[in-house]
Amino acid sequence: MQSPHDVVHALLHQWAADPAGAMKTKVAPDVVYTLNVSPDALPLGGETVGWDAVNEILLGIRKIFDYLVYKPRILSVDGNVVRARIELVLRHRPSGEVFTGQMRSVFTVRDGLVTRVDEYVDAPMVETFMRLVSGGEGESG
C-alpha cells in the first residue's frame, strides 16, 4: 500500500491532468472536504461530505476556471496527515480575468485513500473569487 505522502502526491499531480480520474482513484467514498469560508459567502465553502458531493464541487471549479499555473508542494507528513501548499494562477472563464493565489491543504489518508481534505485560502483570493462570481456564470447580454 502507498504511503500517505505517495497517495497525496499522486492525487495532487493527477489532478492537474485528469481531475476526474484523480477523484475516482485516490479519494474515499466517505470523504469530507472543508474550505475555511462561510458557505453563505462562497457556495463551495464550509463542509461537504461524500464522494459524489465533493466530486461535483471540485470538478465544478474546473468548469469555471482554467488552471494556468498549478504547483502543488508537499510541506510535511505526520502519520496519516499530509500538509501541502498549492500555488495557483487561474483564469475565470466567464470574465476572462486572471488572478493568483495559494491554498494550504491538509489531507488525511486512510487505507490508501484520501478521507479528508481541509483547505485554507487567503482572504485576497476569496475576495477576488467572490468579485468574479458575483456577476454570475452565464452570458451577459
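**Exercise 1. Helix α1**

Task: In this predicted model, compare the length of helix α1 with the span expected for a helix, and list the buried residues of α1.

Solution: 
- Step 1. Helix α1 covers residues 4-17, which is 14 residues.
- Step 2. At 1.5 Å a residue, 20 Å is expected.
- Step 3. From first C-alpha to last, α1 reaches 21 Å, close to that expected value.
- Step 4. Now burial, with the cut-off at under 20% relative accessible area. In α1, Pro 4, Val 7, Val 8, Ala 10, Leu 11, Leu 12 and Trp 15 are buried.

**Exercise 2. Helix α3**

Task: Then state which of its residues are buried and what covers them.

Solution: 
- Step 1. The buried residues of α3 are Val 54, Asn 55, Leu 58, Leu 59, Ile 61, Arg 62 and Ile 64.
- Step 2. Their cover includes helices α1 and α2. It also includes β1 (27-35), β2 (46-49), β3 (65-78) and β4 (81-92).

**Exercise 3. The α2 and α3 pair**

Task: Describe how α2 packs on α3, and name the residues that make the contact.

Solution: 
- Step 1. Two packed helices are described by the angle between their axes and the distance between the axes.
- Step 2. For α2 (residues 19-26) and α3 (residues 51-64), the angle is about 160° and the axes are 10 Å apart.
- Step 3. Angles over 145 degrees count as roughly antiparallel. The angle therefore makes α2 roughly antiparallel to α3.
- Step 4. The crossing of α2 past α3 is right-handed.
- Step 5. From α2, the contact uses Pro 19, Ala 20, Met 23 and Lys 24. From α3, it uses Trp 51, Val 54, Asn 55, Leu 58, Leu 59 and Arg 62.
- Step 6. By class, the contact of α2 with α3 holds seven nonpolar, one polar and two charged residues.

**Exercise 4. Met 1**

Task: Is Met 1 buried or exposed, and which residues does Met 1 touch?

Solution: 
- Step 1. Met 1 sits in the segment before α1.
- Step 2. The cut-off for exposed is over 50%. Met 1 has 82% relative accessibility, so it counts as exposed.
- Step 3. Leaving out residues up to four places away in sequence, Met 1 touches Asp 111 and Gly 112.
- Step 4. Met 1 and Gly 112 are 111 residues apart in sequence, yet 6.3 Å apart in space, C-alpha to C-alpha.

Notes:
Residues numbered from 1 in each chain as written. Predicted model: local features only at pLDDT ≥ 70, side-chain atom pairs only at ≥ 80, totals over all residues. Heavy atoms only, no water. Helix = DSSP H or I, 4+ residues; strand = E, 2+ residues; numbered from the N terminus. Expected span 1.5 Å × (residues − 1). Buried < 20%, exposed > 50% of the residue type's maximum accessible area, 1.4 Å probe, protein only. Axes fitted to C-alpha atoms, helices over the stretch in contact; angles between N-to-C directions. Parallel < 35°, antiparallel > 145°, perpendicular 65-115°, else oblique. Left-handed = near helix turned anticlockwise from the far one by under 90°. Contact = heavy atoms within 4.5 Å. Nonpolar A, V, L, I, M, F, W, Y, C, P; charged D, E, K, R; others polar.
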